[in-house]
Amino acid sequence: SQHEHPHLVDHVVASAPVVPVALAVDWLTRSAAAHQPDLRVAEVRDLRVFKGIELTDWRSAPMVVRLRANTLSNGHGAQVSLRMTDAADRPRYGATVVMTGLATIDAKPPAAPAETVLSGGDWKPCVYAGAMFHGPAFQVIADVMWAGSKPIACRCQSARTASWADVSDSGACREKPVDPVVFEAAMQMGVLYADAELGGAALPTAVDRIRVFPSSSTSPEPA
């Protein structure tokens, strides 16, 4: 409802507030963590947006969504298939979350491919206009590195600094396996890239893989 999620007035597509994919990923991964509390989220695979969640009547009544989890494999880890549906049981989002023991999660990210090494680009403040429809609460990118006409990296807020990140911080699992604010910044970079390549707005509807790495510090500095 608007009372519980007032920040969504800053995420409007075609005149209606829409639940960001990043928030759906937060719900899916925290549900997987609650479903397998002895394991940790290592990856999210095959994330699909079947139909975005438009909040057309959210001022008068909350919208109900349901999460279904099905464990596909066990052993040293698990794969949890998740499907998010609305009250009429229509699919909205789906993904497979790969769970593993904490000790088996990769200690550090892989090296960046040569074509994405951050050298020779120009850092510029992120301009929220045109294809970047996001209002103040969702303006999470501070600046963007450009290689010619293409955006290749950004500096952004995290769940520790964005005002909306802790709104859903209740329920069986309080841990956030995937930082929704950092993932929101990644989705916005996709919008920027599509605008640079295609000359217009395009919203991502699928993500092949999200990898999760342990924090390098127990007391990280704000992003």
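Is cysteine 156 buried or exposed? In this predicted model, cysteine 156 is buried, with a relative accessible area of 18%. The cut-off for burial is under 20%. Cysteine 154 counts as partly exposed, because its relative accessibility is 24%.

The two cysteines were next examined for a bond. A disulfide is a covalent bond between the sulfur atoms of two cysteines. For cysteine 154, the closest cysteine sulfur belongs to cysteine 156 and lies 4.7 Å away, too far for a bond. The search from cysteine 156 leads back to cysteine 154, again at 4.7 Å and too far for a bond. A disulfide would need the sulfur atoms within 2.5 Å. The structure holds zero disulfides.

An open sheet of three strands was found, with the order 7-8-9 and antiparallel pairing. Strand 7 (122-125) and strand 9 (150-156) stand at the edges. Each has a single partner strand, so one side of each is left without a neighbour in the sheet. Neighbouring strands of this sheet are turned by 30° against each other on average, direction ignored. Strand 7 pairs with strand 8 (residues 141-147) over four bridges, in the antiparallel sense. Proline 125 has aspartate 143, in strand 8, as its bridge partner. Helix 2 packs on the sheet and touches strand 8 and strand 9. The direction of helix 2 makes about 155° with that of strand 9.

Helix 1 covers residues 21-35. At 1.5 Å a residue, its 15 residues should span 21 Å. The end C-alpha atoms are 21 Å apart, which agrees. Helix 1 is mostly covered, with 12 of its 15 residues buried. Among them are Val21, Asp26, Trp27 and Arg30. The buried residues of helix 1 pack against several elements, including strand 3 (40-49), strand 6 (91-100), helix 2 (180-198) and strand 10 (206-211).

The largest nonpolar core has 48 residues. Those with the most contacts inside this core are Leu47, Met99, Ile141, Trp164 and Phe183. Helix 1, strand 3, strand 5, strand 6, strand 8, helix 2 and strand 10 each supply at least two residues of the core. Helix 1 gives the most, with eight residues. Phenylalanine 183 touches Val21, Ala22, Val25, Leu47, Val178, Val207 and Ile210, not counting residues up to four places away in sequence.

Key: Residues numbered from 1 in each chain as written. Predicted model: local features only at pLDDT ≥ 70, side-chain atom pairs only at ≥ 80, totals over all residues. Heavy atoms only, no water. Expected span 1.5 Å × (residues − 1). Buried < 20%, exposed > 50% of the residue type's maximum accessible area, 1.4 Å probe, protein only. Contact = heavy atoms within 4.5 Å. Pairing = 2+ DSSP bridges. Axes fitted to C-alpha atoms, helices over the stretch in contact; angles between N-to-C directions. Core = buried A, V, L, I, M, F, W, Y, C linked by side-chain atoms within 4.5 Å.
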